[in-house]
Every structure is written in structure tokens, then in C-alpha cells.
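Subject: Structure for your review

Dear colleague,

Please find below the structure I promised to hand over. I would be grateful if you could read the notes that come after it.

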Amino acid sequence: MKHVMLGGAAALMLAALPGAALAEDLKFVLTNSSSYAVKSFYTSPADIDNWEEDVFGENYLPAGNYVTVTIGDGREQCVYDMKFVLEDDSEFVEKGIDLCALGEYTLSDSQ
């Protein structure tokens, strides 16, 4: 399986944070096992109704690849909602995922 580096997105997220907030970063592996590339990926703490910025920025996650995602929002939060926008512009939303407990998330066609 290929590993895609989205360093620019992670750097953007970390650049806006004060140094002390880095201890609160949440990291998890996002695997795209679907048939489509993910062109946009949004997260939001489950208790907030708005989506944060596109984690991928100018990048995307091709089908069959994975990436380590860093959510550097400085919150002590584990449960997030996630929104995926695929290359065909379809959207998939997954709510209330405990990313600390899982440590990884796999997007597949069966969802």
C-alpha cells in the first residue's frame, strides 16, 4: 500500500498554534480503501456544528493510499465528526468517531 504525505496540510494546521498547544495534537492514520480519491477532508469536534478547514488543502488522498493526519486544534478532544468529499463530488459524513481509541480510520465503499 502506498503512503501519501500531506505535510503541507499538517504544517498549515500547526503553524497557527502556539507552542503549548502542540501537546494536544491528535494523530491518526486515515486509509482510503474506497474506489474514489478523497479530494477534501473536514473534521470538527463532535460537539461543534461547523466544519474546520479542509485538512488536505491543495492535496488529496488517492484510492488505495493512507496518510497520518494531525488535528492540531489544541483541544483535549477525541470524538470528532468527519466529512469526506470524493472525486465525483459525493459527500460522506461520519459522526461521533473516537479517534483516540481507534488510532485509525478506514474509508471504504461499503459505507
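This is a predicted model: local features need pLDDT of at least 70, side-chain atom pairs count only at pLDDT 80 or more; totals for chains, interfaces and linings use all residues.

A search of the whole structure finds one disulfide. It is formed by cysteine 78 and cysteine 100, whose sulfur atoms are 2.0 Å apart. The link is left-handed, with -85 degrees about the S-S bond.

Arginine 75 takes part in a salt bridge with glutamate 52, at 3.5 Å from N to O. Arginine 75 lies in the loop between E4 and E5, and glutamate 52 in the loop between strand E3 (38–45) and E4, so this pair ties together parts that are 23 residues apart in sequence. Arginine 75 also forms a salt bridge with aspartate 73, where the closest N and O atoms are 3.0 Å apart. Arginine 75 is partly exposed (29%), as are glutamate 52 (34%) and aspartate 73 (23%).

Another salt bridge pairs lysine 83 with glutamate 91, the closest N and O atoms being 3.8 Å apart. Here lysine 83 counts as buried, at 15% relative accessibility, whereas glutamate 91 counts as exposed, at 53%. Through shared partners, salt bridges join Glu52, Asp73 and Arg75 into one network.

With kind regards

Key: Residues are numbered from 1 along each chain as its sequence is written. Side-chain values use heavy atoms; hydrogens and water are left out. A disulfide is a pair of cysteine sulfur atoms within 2.5 Å. A salt bridge is a side-chain nitrogen of Lys or Arg within 4 Å of a carboxyl oxygen of Asp or Glu. Helices (H or I, at least four residues) and strands (E, at least two) are DSSP runs, numbered from the N terminus. Buried means under 20% relative accessible area, exposed over 50%, partly exposed in between (1.4 Å probe, protein chains only).
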